[in-house]
Amino acid sequence: MANEMTVQKTESLSNSEAFTNKVLKEFGSNVAGNIQVTDYQRQLIQGYFIATDRALKMAEEKRVSKNENNKDHKWDNPDPINWNTVDLNALALDVVHYARMGLDMMQDNHLSAIPFKDNNRLSRTGTKMYVVNLMPGYNGIQYIAEKYALEKPVSVTVELVYSTDTFKPLKKNRENRIESYDFEINNAFDRGQIVGGFGYIEYEEPTKNKLIIMTLKDILKRKPEKASGEFWGGKKTAWEKGQKVEVETEGWFEEMCLKTVKREVYSAKNMPRDPKKIDDAYEYMRMQEIRLAQMETQEVIDAEANQVVIDTEAQETPQKPAQPAFLTDDGGQQALDLGNPAKPQAQPQPARNTTAARTTAATRTAGPTF
């Protein structure tokens, strides 16, 4: 047993080192020639390999499971998700830039790996390619905001306000030089309904302190148009006795509201960035965000990152809703298929073993070939 664990650890280490060398080589050949990274940045890149590898494996397991549950296997996703079908050139650019920024994929909600299927590109084996995008979570957004801030705050408080709470904003005026607030939780175990949220940014010079207030209406404005009921609550599609029905679900509404308030508080609008600190890595991150928004998947990623896989081409059997990314550290990821969104959905059936399923299951065990 000890020898087996040693071998596994050695293989993982060598794979992460090979990945790091491959990333640096690909980045250098595409951008700036030879590139030097610090020991800490190299360590971050090796962590990116571990987290991304875990994301790919979980996405592949979900792909195989969905194929098995399809009633009509013509809707199967035949394209395996592994290192041999990932666009390493694109990933190398993301990895180096985010490592330079200091984002750590081994920390909760710093950075998540999101695989997308690119139906327009083929791998060496003739299957469709996947592009792995790295998406900052709200802890990563906080880290970036404070690192690039024009003035780093001393403290930041973010809270939701419920109907039984007492919240009174103290705005700056002639008699009050410091913007502040009064906040009291009157019934900690039954606070009622969410009515809004606020963030309070404190600086060494108190007169610069800033209070950001969001009503529930403000929060819901930022709710994705096609938000999943499993996360925001409300109606979601489920299968009961072989029939497709809509059911009410509580979801993780409070957590999604808190995440929305945090994103607003740490935005460049409320925490201005220092132009002198802006570097190519920060600009690259901003361009990535714009690109993802143009792909019309940004909202889906924010709502459902770090979960098991999403496949818009096939329904799956009902499962207990998974916790949002910011409640878990399990590293499960999404694989978003950017193919034809209008493709008909197939009704699920109990899992069954097929030749195709066994073949794809064997494929997923293959290791990376860097």
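**A close look at the ring pairs**

Modeller: Let's begin with Y282, which counts as buried because its relative accessibility is 6%. Buried here means under 20% relative accessible area, exposed means over 50%, and partly exposed covers the range in between, with a 1.4 Å probe and protein chains only. Please keep in mind that this is a predicted model, in which local features need pLDDT of at least 70 and side-chain atom pairs count only at pLDDT 80 or more, while totals for chains, interfaces and linings use all residues. Residues are numbered from 1 along each chain as its sequence is written, and side-chain values use heavy atoms, with hydrogens and water left out.

How many aromatic pairs does the structure hold? There are 11. Rings of Phe, Tyr and Trp (its six-membered ring) pair if their centres lie within 6.5 Å; planes under 30 degrees apart are stacked, over 60 edge-to-face, and the rest tilted. Y282 takes part in one of these pairs with Y148: the ring centres are 4.8 Å apart and the planes meet at 45 degrees, so the pair is tilted. Y148 sits in the loop between α4 (138–147) and β3, and Y282 in helix α8, so their pairing ties together parts that are 134 residues apart in sequence. Helices (H or I, at least four residues) and strands (E, at least two) are DSSP runs numbered from the N terminus. Y148 is buried as well, because its relative accessibility is 2%.

Another aromatic pair joins W232 and F253 in an edge-to-face arrangement, 6.1 Å from centre to centre and with 70 degrees between the planes. W232 belongs to helix α6 (residues 229–232) and F253 to helix α7 (residues 253–265), 21 residues apart, and the pair thus links distant parts of the chain. Is W232 buried or exposed? With a relative accessible area of 4%, W232 is buried, while F253, at 26%, is partly exposed. Then there is a cluster: F167, Y181, F183, F198 and Y200 are connected through ring pairs.

F198 leads us to strand β6, where E159 stands opposite F198. Strands β3 (residues 155–162) and β6 run antiparallel and are joined by eight bridges; two strands pair if DSSP finds at least two bridges between them. Y162 stands opposite I194, again in β6. On to β7 (residues 210–215): β6 pairs with this strand over six bridges, also in the antiparallel sense, and I201 stands opposite K210 of β7. Seven of the nine residues of β6 (residues 194–202) are buried, so the strand is largely enclosed by the rest of the structure.

Together these strands make an open sheet of three, in the order β3-β6-β7, with antiparallel pairing. β3 and β7 stand at the edges with a single partner strand each, so one side of each has no neighbour in the sheet. From one strand to the next the twist averages 15 degrees. Helix α7 packs on this sheet, touching β3, β6 and β7, and its direction makes about 140 degrees with that of β3. Axes are lines fitted to C-alpha atoms, for helices over the stretch in contact, and angles run from 0 to 180 degrees between N-to-C directions; contact means heavy atoms within 4.5 Å.

The largest nonpolar core has 36 residues, and F19, Y48, L91, V95, Y98, M101 and L134 have the most contacts inside it. At least two of its residues come from each of α1 (2–32), α2 (39–69), α3 (88–101), β1 (111–122), β2 (128–136) and α8 (280–294). Such a core is a set of buried Ala, Val, Leu, Ile, Met, Phe, Trp, Tyr and Cys residues joined through side-chain atoms within 4.5 Å. Leaving aside residues up to four places away in sequence, Y98 touches Y48, L103, L111, L134, P136, M285 and Q288.

Finally, the whole chain: it has 10 helices and 10 strands, and 46% of its 370 residues are buried. Of the contacts between residues at least 6 apart in sequence, 72% join residues at least 24 apart.
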